[in-house]
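Hi,

Here is the structure I promised to pass on to you. Have a look at it first, and then read on for my notes.

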Amino acid sequence: MIEVEGIDVFYGDAQALDGVSVSVPERQIVAIVGANGAGKTTLIRAIAGMLSPKRGKIMYQGKNIAGLPSHKVCNLGIGHVAEGRQIFPSLSVSENLEMGAMLPRARSSRASTRARVLEMFPRLAERINQSAGTLSGGEQQMLAIGRCLMGRPNVILFDEPSLGLAPTLVQQVIETVRTLSEQGLTCVLVEQNVTVSLKISATGYVLENGRITLAGRGSELLTDDRVRKAYLGL
Ligand code: ATP
């Protein structure tokens, strides 16, 4: 569904991604793992249209979308759940969800999508008129995912969705990603929690210093000695 082909991304003179290629098959979960500063967020932001690669292609639905602005990328069906949740704290849950449906592709089906999102996250329905800033961390993450779903994406890019959440909520967020994938969404998952993310992913990539150093089935990477030593402390 998405083919990232040899992208180089720079911040000024500093190169953050060097010839990165990643293949994201339709309806699968693809995990990107790596240490802090490896370039995971940069890769997600490049696919989402927030950074423009200096070289390489990002193919989606047969077109090279590298360098397209983020609102156009979103409207093509690539949603982004950014690191740190990025909800609007002073707006209500309802208003935050409505913001997600402002994309042209999502407007006409707003009511039915909203009903589906609230069915998936009943806690949001219970708190529909509450300010988003008063929600718990886990609820805010559900809202961030719900808002992304309001844009009717085909693919969701998740950047550290479980960051800062208690262990039980981490599991809940991961289960949500799994459920969305079972419902037909394609997911790219950047997670600090390497074990859980590789467990639910068909494919995984290890990113080190801006380069892909290992790729394989999620289950294979979990038992790979290099991954176990570097990321699982085994
Ligand atoms: P983390 O898990 O800490 O978020 P990451 O793997 O997502 O790490 P990135 O945030 O993509 O890594 O950063 C990759 C490299 O690019 C790092 O060396 C980082 O210092 C650098 N970098 C990131 N954002 C910027 C920026 N806005 N300006 C300059 N350099 C940046």
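Two rings of Phe, Tyr or Trp (its six-membered ring) count as a pair if their centres lie within 6.5 Å. With that cut-off, a search of the whole structure turns up zero aromatic pairs. Please keep in mind that this is a predicted model.

Now to the overall fold. The protein is built from 11 helices and 10 strands. Its radius of gyration is 17 Å, close to the 17 Å that the globule rule gives for 234 residues, so the protein is as compact as a globular protein of that length. The C-alpha trace spans about 45 × 40 × 30 Å along its principal axes.

Around the ligand you will find Y11, A16, A35, N36, G37, A38, G39, K40, T41, T42, E83 and E160. Sorted by class, this shell holds four nonpolar, five polar and three charged residues. Which helix gives the most to the shell? That is helix α1 (residues 40–47), with three residues.

- G37 has a polar backbone atom 2.7 Å from an oxygen atom of the ligand.
- K40 places a polar side-chain atom 2.9 Å from a ligand oxygen.
- E160 has a side-chain N or O atom 3.5 Å from an oxygen atom of the ligand.

On its own, the ligand has 630 Å² of accessible area, and the protein covers 55% of that.

Best wishes

Notes. Residues are numbered from 1 along each chain as its sequence is written. This is a predicted model: local features need pLDDT of at least 70, side-chain atom pairs count only at pLDDT 80 or more; totals for chains, interfaces and linings use all residues. Side-chain values use heavy atoms; hydrogens and water are left out. A residue is near a molecule or strand if one of its heavy atoms lies within 4 Å of it. A polar contact is a pair of N or O atoms within 3.5 Å; within protein, one must be able to donate a hydrogen and the other to accept it, and residues adjacent in sequence count only if both atoms are side-chain atoms. Accessible areas come from the Shrake-Rupley method with a 1.4 Å probe; for residues, only the protein chains shown count as cover. Helices (H or I, at least four residues) and strands (E, at least two) are DSSP runs, numbered from the N terminus. Ala, Val, Leu, Ile, Met, Phe, Trp, Tyr, Cys and Pro count as nonpolar, Asp, Glu, Lys and Arg as charged, and the others, Gly among them, as polar. Rings of Phe, Tyr and Trp (its six-membered ring) pair if their centres lie within 6.5 Å; planes under 30 degrees apart count as stacked, over 60 as edge-to-face and the rest as tilted. The radius of gyration is taken over C-alpha atoms; the globule rule is 2.2 Å times the number of residues to the power 0.38.
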